[in-house]
Amino acid sequence: MTARERIAGNVAGYVDDRTGAAKWMKKNLTKVFPDHWSFLLGEICLYSFVILLLSGTFLTFWFDPSMKEVVYDGSYEPLKGLEMSAAYASTLDISFEVRGGLLMRQIHHWAALIFMVGIVVHLLRVYFTGAFRKPREFNWIIGVGLLTLGIVEGFLGYSLPDDLLSGTGIRIAEAIIQALPVVGSYLAFFAFGGAFPGEAFIPRIYTVHVLLLPGIFLALITVHLMLVWYQKHTQFPGPGRTEKNVVGYPLMPVYMAKAGGFFFIVFGVTAFLGAVASINPIWLYGPYTPGQISAGSQPDWYMGWLDGLVRMAPPLETHAFGYTVSWNILIPGLILPGIMFTGLALYPFIESWATGDKREHHLLDRPRNAPNRTAIGAMALTFTLVSLLNGGNDIIATTFDLTINQMMWFSRIGVIVLPPIAFVVTKRLCLSLQRADRDLVLHGRETGRLVRMPSGEFVEVHEPISAEKAWLLTSHEQLAPLELPEHDTAGVRRPGAIKNKIRNRISRANAVAVPKATATERRELEGHH
Ligand code: HEM
């Protein structure tokens with residue numbers, strides 16, 4: 001035993017005598033994780049969250065969340081002598097006076113954007129591969145909570161500097177709160193501590209941004225990861241992989257090394273962006289005054305779809321019993337996002353209700369083998385993308401020489417017409433890909449080699465695929481549709497017949513598939529290539 005090993009052994013023994021950690025560590029450090037690049041997406045979220053905590057803590061040392069009026073006397077000449085809030089002035093100071101301050105501000109902002117991209121792409125991977133199915137529904141719901149919190153946290157973050165852009169965003173948030181029927185105006189008054197903009201809002205959202213939400217994030221992320229640990233990670237189908245095992249590498253040393261390295265890659269990319277790519281240059285926007293709005297005001301991307309929905313709403317308002325209901329804000333600002341997020345959170349339950357599949361799933365789906373799910377995902381993405389585009393309607397209009405009206409009508413029509421088209425096209429694409437898989441299994445790979453037959457006919461030579469690949473393309477399940485009875489044995493309609501009918505219909509649509517190649521078919525065709 002070398003001296004180093006002896007010292008390490010002594011330290012480990014000392015800790016184990018006092019904590020009993022050895023047994024736990026032995027069991028857990030050898031835990032096996034499956035390997036796939038898409039499993040790194042959750043890690044990107046995790047690492048950018050750590051970067052946000054570190055860079056955000058740095059910013060709190062200098063940021064002053066106060067609406068006290070001050071006269072700017074810093075080194076940025078164009079704003080010298082201007083009256084502004086201490087919040088805005090301190091953000092200018094972080095940018096121009098504090099050593100490394102601008103770098104930290106930019107790292108913090110880039111990390112927030114990467115965090116949100118990470119969350120959305122991670123969600124898409126979980127959705128399109130069916131990783132949310134039993135037993136992982138709770139983790140899906142926690143994930144939807146994290147996504148929602150991320151959007152709110154990011155919005156509060158870029159609202160803090162009290163520059164013209166952030167003030168414009170807060171004004172929209174105030175309008176959305178006010179749009180709540182009956183209680184809205186009271187709630188807005190309560191949140192702002194009086195009339196807009198007031199002195200209370202920024203100090204309040206500061207506490208929520210640096211204390212309350214990060215605390216909830218930490219708690220939720222911890223539970224999220226504990227559940228991944230406890231339920232084990234899903235894996236893609238492959239040789240030796242079943243619903244009952246996990247094929248991969250142990251945590252120690254393989255994943256420890258990989259995860260450690262990946263953290264520094266994420267940190268490196270974020271720091272590089274913070275160093276070279278300017279983001280949120282608040283000194284160009286100027287301090288917030290309610291009477292002004294800058295041209296081309298854009299929210300951060302994860303809020304853009306919401307802004308886009310509000311921008312495309314027609315001017316609908318009703319007045320009754322002394323109250324005004326602004327449907328043009330209420331529907332796009334609260335009702336639609338409410339429906340979207342509730343639908344997202346409940347999706348695992350809706351799918352298992354529609355398919356009648358209540359079993360556990362640890363093997364992932366290829367998106368083409370779940371055409372309905374994939375098509376619903378494409379439909380939701382199209383809706384969000386059209387809304388997001390409209391969130392930048394002014395920029396797009398000026399860049400492409402269009403009018404705002406053209407953009408608005410494109411998105412008003414597009415947001416209704418394009419999602420169903422996306423659904424149909426995606427479902428057809430999935431079925432075509434299934435057909436291609438079936439052909440590949442039965443007829444083999446096209447080699448590109450043409451042979452002229454004695455009859456003069458040209459045929460392309462096909463090469464059989466390996467048994468492993470054939471298994472991979474045929475190992476998925478094809479669920480039969482539900483056949484819930486609508487009538488009893490005497491031919492009388494049962495109670496719940498309508499529900500059963502709807503469920504049968506959805507289930508039938510869900511079960512549409514190109515029958516996968518069977519072993520018998522393959523054997524019969526052998527030698528015919
Ligand atoms: C702060 C945000 C989040 C963090 C830090 C995070 C972190 C992680 C990590 C590290 C994993 C394991 C690796 C992987 O599968 O990528 C994971 C798995 C998972 N996450 Fe997240 N996640 C976040 C948000 C979300 C969201 C928004 C959803 C969905 C709405 C979600 C649903 C899931 C599910 C269902 C699993 C299990 C996947 C499986 O076993 O295949 N997570 N998460």
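Modeller: A polar side-chain atom of His 122 lies 2.8 Å from a nitrogen atom of the ligand; I'm counting N or O pairs within 3.5 Å as polar contacts. Keep in mind that this is a predicted model: local features need pLDDT of at least 70, side-chain atom pairs count only at pLDDT 80 or more, and totals for chains, interfaces and linings use all residues. Numbering runs from 1 along each chain as its sequence is written, and side-chain values use heavy atoms, with hydrogens and water left out.

Colleague: OK. How far is His 224 from a nitrogen atom of the ligand, taking a polar side-chain atom?

Modeller: 2.8 Å for His 224. Arg 125 has a polar side-chain atom 2.7 Å from an oxygen atom of the ligand.

Colleague: And which residues coordinate the iron atom?

Modeller: His 122 and His 224, each through NE2, at 2.0 to 2.1 Å. Donors here are N, O and S atoms within 2.8 Å of the metal (3.2 Å for Na, K and Ca). That pair links distant parts of the chain, with His 122 in helix 5 and His 224 in helix 9, 102 residues apart. Helices are DSSP runs of H or I, at least four residues long, numbered from the N terminus.

Colleague: What's the geometry of the iron site?

Modeller: Octahedral, with angles of 84 to 180° among six donor atoms. The label asks for opposite donors over 155 degrees apart and all others between 65 and 115. Ideal octahedral angles are 90 or 180 degrees.

Colleague: Which helix gives the most to the shell around the ligand?

Modeller: Helix 5, with six residues. Helix 3 (40-60), helix 5 (101-128), helix 6 (137-159) and helix 9 (201-231) each supply at least two. There are 24 residues around the ligand, each with a heavy atom within 4 Å of it.

Colleague: How does the shell split by class?

Modeller: 14 nonpolar, seven polar and three charged residues. Asp, Glu, Lys and Arg count as charged, while Gly goes with the polar ones.

Colleague: Switching to the backbone. Where are the cis peptide bonds?

Modeller: One runs from Lys 134 to Pro 135, with omega near 10°, and Pro 135 is in the loop between helix 5 and helix 6. Another is from Phe 196 to Pro 197, omega near -5°; Pro 197 falls in the loop between helix 8 (184-192) and helix 9.

Colleague: What about phi of Val 182?

Modeller: Near 65°, a positive value in a residue other than glycine. Val 182 belongs to the loop between helix 7 (164-178) and helix 8.

Definitions and conventions
A polar contact is a pair of N or O atoms within 3.5 Å; within protein, one must be able to donate a hydrogen and the other to accept it, and residues adjacent in sequence count only if both atoms are side-chain atoms. Four donors count as tetrahedral if all angles lie between 85 and 135 degrees; four count as square planar and six as octahedral if opposite donors are over 155 degrees apart and all others between 65 and 115; anything else is irregular.
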